[in-house]
Every structure is written in C-alpha cells, then in structure tokens.
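My notes follow in the order I checked things.

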Amino acid sequence: MFYREAGQFKTSYGRDMAVFPIAQDRIAIGLIVAIAFLAVPFMATEYFLSSIMVPTLILALAAIGLNILVGYCGQVSLGSGAFMAIGAYAAYNFAIRVPELPLLVTILLGGVVSAMVGIAFGIPSLRIKGFYLAVATLAAQFFFDWLFLRVGWFTNYTPSGSVNAPQLNVFGWIVNTPTEKYLFVLGVVCVLAVLAKNLVRGHVGRQWMAIRDMDIAAEIIGIRPMYAKLTAFAVSSFFVGVAGSLWAFVHLGSWEPLAFNIDRSFQLLFAVIIGGLGSIAGCFMGAAFMWILPIFLDIALPPLGELVGWKMDKATVSHFGFMIFGALIVFFLIVEPHGLARLWSIMKEKLRLWPFPY
Amino acid sequence: MSAPRTRTIGDTLLTVDRISLSFGGVKALTDVSFDIAKGEVRAIIGPNGAGKSSMLNCINGFYHPQQGSITYKSVKRSQMRPHEAAAQGIARTFQNIALFKGMSTLDNIMTGRNLRMKTGILAQALHFGPARAEEIEHRLAVERIIEFLEIEHIRKTPVGRLPYGLQKRVELGRALAAEPELLLLDEPMAGMNIEEKQDMCRFILDVNDEFGTTICLIEHDMGVVMDISDRVVVLDYGKKIGDGVPDEIKRNQTVIDAYLGVSH
C-alpha cells in the first residue's frame with residue numbers, strides 16, 4: 001500500500017539508471033545508513049560493536065569481492081581466504097617497512113597486491129571452468145597458507161608466527177575504541193560497496209555477466225574473455241584483500257595464518273550463496289547470516305535447554321549450534337536457492353500489490 | 001504489395017574462396033566459394049547438416065577452415081578470433097538463442113554496444129563524469145533499437161522469462177546494437193508462427209533498407225527465403241550446388257532434387 005512507484009515518472013535515462021529507482025527505497029536506504037552512522041555507535045554495547053558489527057561488515061566486504069567473481073562473472077573460487085591473507089600480510093609488510101605511509105594507503109595497497117596475485121591465479125580460468133577452476137583456486141589457498149607459515153620474511157621473522165597490527169592512525173585520527181573501529185570500518189565498507197555497485201551496473205559489469213551467462217555468445221559480440229575474466233579476478237581480489245587487511249588490522253589486531261585458512265574461504269562462499277549470487281545487498285545479508293547466527297545459537301541454546309530441563313555443557317552447545325546452523329543453511333537453500341536477496345526482492349514485488357491481490 | 005524498395009547493392013563486401021572445413025574425418029565444407037555484395041540480403045539454404053551453420057561460424061571466426069580464404073572488406077584474413085570479427089563489424093544471431101539469460105532485455109542489448117564503450121574501470125567505479133555520460137549516450141542508441149523492434153514493454157524483464165519469439169527479437173536487437181556492416185542470422189524464424197515470421201521479415205527488411213546493413217541469413221522457410229533475399233546459395237553435404245537469384249534457384253534441377261523437392 002505504501003510501497004508503490006505509481007506517479008514516479010523518470011524523465012531522463014540518467015534518472016532511470018539510478019540504483020534505487022523507487023523513492024521509498026531511496027528513503028529506506030538513507031535511513032539505514034543514517035542509523036548505522038549516527039544511532040548505532042551511541043546505542044550499541046562495546047561487545048555488540050566489536051564482536052558483531054565490525055566482523056559482519058568486514059565479511060560483507062569480502063563477500064562483495066567474492067560475489068563479483070562467483071556471482072557476476074561465474075568463476076568459482078575456493079581461495080578467497082588466501083586473498084584475505086595476502087591483503088593482510090601485504091598491508092602488514094607495507095606498514096612495518098614503510099612506516100611513513102598513511103594507514104588508508106597501506107590498507108588499499110594490501111588490496112592492490114591481492115589484486116595482482118589474483119590476476120596471476122586467474123590465468124587458469126582462461127582455459128578451465130567450473131569444478132576444475134575451483135580446484136585451481138584451492139591450490140592458491142594451500143599455497144598461501146604454507147607461504148605465510150613457512151617463509152619468515154612475510155611475518156618479519158617473529159618466532160611465534162603471530163604478528164601485531166600497527167597503531168591505527170587515519171590521518172591523525174587514532175582508531176582505538178570499538179566505536180571508532182566500527183565507524184572506520186563502516187565508512188570504508190560503505191564507500192567500497194558503492195564502488196562495487198557502480199562497477200556491476202556499468203559496462204564492465206555487463207561484460208562479466210555476459211561471460212557468466214554464455215561465454216561463447218559474449219565472445220561473438222566482441223567481449224574479450226581474457227579482459228573480462230582477469231578484471232573480475234583483479235577487482236574481486238582487491239575487495240577481498242582490503243577486507244583481509246581490515247580483518248587483521250581492525251578486527252583481530254594480532255593474527256597468524258590460521259585466521260585465513262580454508263574455513264574462511266568456505267564461510268565466504270556460503271555467505272555469497274546464502275545472500276544471493278549476483279547481488280551486492282545480498283552480501284550483507286549473507287555475511288550477517290554466517291556471522292551472527294552461530295553467535296545467536298551459542299547464546300540462545302543454553303536457556304532453551306534449561307526449558308526442557310537439560311543442562312547443556314559448552315561442548316554440547318557448540319555441537320548443537322553446528323547442527324542447527326547446518327540444517328538452517330540447507331533449509332534456506334531449499335526454500336530459496338537464489339538466496340536471501342531474491343527472497344527480499346520477491347517480498348518487495350508482493351509489497352507493491354499489497355493489500356490487493358492483483 | 002508495398003512500394004518497391006529503393007536500395008543500392010554495391011561492391012563485394014565479403015568473398016569466400018574455396019573453403020574446406022573438416023572435423024576429424026567428417027567433412028563439413030568442401031571447396032565452397034561465394035560472395036556477398038554490400039547491401040544485399042544473401043540467403044544460405046540446404047538440408048540439415050549441409051554445413052550452413054558451419055559456414056557462418058567460419059565467417060565470424062568461430063571455426064578456422066583448413067583450406068581456402070575469406071576476404072572481408074578487401075582484406076584477406078587467415079585466422080581470426082570471434083571478438084576480432086566483431087570489432088570489424090560482423091554481428092550474428094544463433095540458431096539456438098544465445099542470450100544472457102540472467103540479464104534484462106536492456107542489459108542484453110547494451111552488451112551489444114560494448115565495443116563502443118571506452119571509459120576505464122576506475123571511471124566506471126565512480127560512475128561520474130565521462131563514464132556516466134557514456135552510459136547515457138549508449139542508452140539512447142539502445143532505446144532507438146528497442147523502439148524499432150517494438151519491445152519497449154519488456155525493457156527490464158530478465159530475458160530468461162520471455163517467450164521464444166521475443167527472445168529471438170532481443171537477440172536481433174543485441175546484434176543490431178553493434179551497428180554491424182554484416183549481419184549473420186542463423187535461422188531467425190525457426191519455430192515461429194506466421195505472425196511472428198511476418199514481424200521478423202519486416203524487421204530484417206527494415207534493417208537492410210534503413211541502415212544499409214548487409215544480411216546473410218540461413219532459413220528453412222522457402223517462402224520467406226525466396227521473398228526477401230536477393231541471391232541464394234544452396235549447400236548440400238558441404239558442397240555448393242547452386243548460387244543465384246531466387247528464380248534461378250527455384251528452377252535449378254540439382255537444387256530441386258537435393259532440397260526443394262517437387263510440389264505434388
């Protein structure tokens with residue numbers, strides 16, 4: 001009833017190309033961003049900000065990166081954890097070896113290094129597809145796990161293999177408290193999400209989708225597969241790399257290669273699939289699902305157990321958490337194989353007609 | 001009948017010279033030669049498996065013939081990748097529709113403009129200034145095609161959801177968006193009902209008249225072929241068995257035996 005585009009006419013193609021063509025959507029997204037920046041920092045507890053919001057946002061950024069590759073360009077990757085690690089260790093090395101660089105530049109350079117490695121590991125995609133490509137990217141995962149564990153130079157020869165992030169100094173602003181960290185991450189993620197959206201709705205995004213949907217037809221209308229696939233790998237790895245350096249610097253503070261192992265890759269891939277392949281908004285939903293639901297289950301299960309008179313110990317809670325979480329993933333995929341983003345858009349379609357049946 | 005069409009058929013645009021193509025032991029094309037003149041509608045006909053689609057695949061660089069050469073715009077070419085052929089102004093549609101199913105009609109046709117879009121990836125990420133201007137400029141061109149093909153109502157519909165006839169039309173639109181000089185149509189009317197066929201004929205002739213696009217089409221509906229094409233090539237088992245204006249082809253005994261048959 002309230003969600004209609006009736007009466008909203010577009011008089012130029014520029015306005016018709018807007019990300020949110022319906023005014024209600026624009027107001028809603030404006031409100032969400034305003035609440036995220038202005039209200040959440042003051043209302044949320046430190047635990048909520050540093051253990052839920054910051055990691056969810058960073059995972060969403062990494063999921064955007066992976067979605068560009070898997071959802072938009074159709075190239076399966078199981079190596080996103082490795083590219084997060086590359087971003088993190090590259091940023092770390094820039095930070096300790098060239099301390100004059102500002103933090104933002106360091107983090108972006110982490111993304112750039114990750115993008116270059118991404119191009120190198122994208123080359124197999126020119127010849128192989130599907131499962132075979134997934135295996136090739138899996139090789140990247142194992143290779144970089146090994147590299148950062150065994151080659152001391154990358155960790156500055158710290159004996160334990162664990163490294164510490166430098167002080168977070170953003171042009172004089174010392175990012176220290178959970179609130180500051182949250183605002184910093186939120187800012188970076190918002191800017192990069194807008195850039196990602198612009199890319200996927202633009203010319204290069206159409207090339208990626210054309211390659212995804214039918215690579216032969218794409219080539220026949222003049223799209224160079226090499227350019228399209230390698231730009232997808234580069235842009236995707238850039239986003240994942242930036243997310244990795246944020247994860248290490250802002251979320252973890254000190255970390256070892258284990259933080260970016262194959263579990264991280266799967267977590268991201270699940271976030272992308274559950275959120276919705278080929279949707280930027282879906283990445284946020286998927287990341288929230290993957291990060292918040294296990295925490296919620298951990299908190300909610302013991303009281304639920306006591307309701308039926310069952311005192312669960314910590315191990316039981318975590319086992320049950322895994323089982324329920326897994327079952328929910330399967331349930332969501334059966335209900336809507338195209339992810340939460342599709343559920344959301346179906347709901348919006350229904351909302352346009354509500355409360356009338358036609 | 002409408003007024004006679006005024007159009008000019010110019011010099012040779014493309015020459016196929018003694019092409020042979022085989023896959024392992026199977027000979028798809030043997031020693032085929034013909035030419036396409038600028039501005040004409042050229043049809044390739046023949047029974048199933050005669051090598052018609054293979055011929056188109058050779059022309060747009062998808063297959064590389066083992067022998068013979070193709071001269072396009074008086075440049076003889078050896079090997080060529082499909083995207084290079086596209087860059088030189090050859091566009092095509094497919095027998096089994098090859099649209100990008102997850103994308104809207106508008107986006108599908110916009111991809112047809114991709115060779116003309118030049119802004120870099122950073123400018124596109126910012127979606128500001130030249131990138132935005134370019135996007136709008138090409139949107140205008142695409143909207144003209146959408147209007148021409150009368151598909152305004154499905155502009156934002158994902159093409160996977162469209163009925164067959166409309167998908168064929170969108171595919172034609174995507175090929176036209178490249179503003180090609182040579183348009184290859186592989187069975188543009190297969191599986192259509194009579195109205196859809198009439199529409200498609202009208203679009204093909206309009207493209208030919210208004211934009212002067214040279215058209216080379218494969219089609220099985222003999223009524224259509226004889227009506228709209230200027231010259232016809234007949235293939236059978238990979239060999240050329242006839243070449244000429246429709247009236248000659250209709251009387252050619254070899255062609256009648258191999259393909260047309262006699263009306264009972």
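Entry 1: I started with one bridge: L235(B) has K240(B) in β10(B) as its partner. This is a predicted model, so I treat each value as computed from predicted coordinates. I then looked at the two strands as a whole. β9(B) and β10(B) run antiparallel and share five bridges. They form a hairpin with two residues between the strands. I checked the turn and found Y237(B) there, with a positive phi of about 45°.

**Entry 2: the six-stranded sheet.** Next I traced the sheet around that hairpin. I read its strand order in chain B as β6-β7-β8-β3-β9-β10. The sheet is open and its pairing is mixed. Which strands are at the edges? I found β6 (90-93) and β10 (239-244) of chain B there, each pairing on one side only. From one strand to the next, the twist averages 15°.

I went through the parallel pairs in turn. β6(B) pairs with β7(B), residues 182-186, over four bridges in the parallel sense. Within that pair, T93(B) has L185(B) as its bridge partner. I followed L185(B) onward and found it opposite L217(B) in β8(B). β7(B) and β8(B) are joined by five bridges and run parallel. β3(B) is also parallel to β8(B), with four bridges between them. There I noted V41(B) bridged to I215(B).

**Entry 3: burial of β8.** Is β8(B) enclosed or open? I counted five of its five residues as buried, so the strand is largely enclosed by the rest of the structure. I then sorted its side chains by direction. T214(B), C216(B) and I218(B) point one way. I215(B) and L217(B) point the other way, and all of these are buried.

**Entry 4: the four-stranded sheet.** I moved on to another sheet in chain B. It is open, with the order β2-β1-β4-β5 and antiparallel pairing. β2 and β5 (75-77) of chain B are at the edges with a single partner strand each, so one side of each has no neighbour in the sheet. I noted an average twist of 20° from one strand to the next. β1(B) and β2(B) are antiparallel and joined by eight bridges. In this pair, I found S22(B) opposite K27(B) of β2(B).

How many residues of α1(B) are buried? I counted seven of the eight, so the helix is largely enclosed by the rest of the structure. The buried ones are K52(B), S54(B), M55(B), L56(B), N57(B), C58(B) and I59(B). Just after the helix, G61(B) has a positive phi of about 80°.

**Entry 5: positive phi within strands.** Most residues other than glycine have a negative phi, so I looked for exceptions. R18(B) is one non-glycine residue with a positive phi, about 45°. I placed R18(B) in strand β1(B), residues 12-23. D31(B) is another non-glycine case, with phi near 55°. I found D31(B) in strand β2(B), residues 26-37. Is D31(B) buried or partly exposed? Its relative accessibility is 41%, so I logged it as partly exposed.

**Entry 6: a patch on chain A.** I found a nonpolar patch of about 360 Å² made by V19(A), F20(A), I29(A), I32(A) and V33(A). I picked out V33(A), which lies in helix α2(A), residues 23-43. V33(A) has 36% relative accessibility, so I logged it as partly exposed.

Definitions and conventions. Residues numbered from 1 in each chain as written. Chains lettered and ligands numbered in written order. Predicted model: local features only at pLDDT ≥ 70, side-chain atom pairs only at ≥ 80, totals over all residues. Heavy atoms only, no water. Buried < 20%, exposed > 50% of the residue type's maximum accessible area, 1.4 Å probe, protein only. Pairing = 2+ DSSP bridges. Axes fitted to C-alpha atoms, helices over the stretch in contact; angles between N-to-C directions. Patch = residues over 30% accessible without salt bridge, like charges linked within 9 Å, V, L, I, M, F, W, Y side chains within 5 Å. Areas by Shrake-Rupley, 256 points an atom, 1.4 Å probe, with all protein chains shown as cover. Salt bridge = Lys/Arg side-chain N within 4 Å of Asp/Glu carboxyl O.
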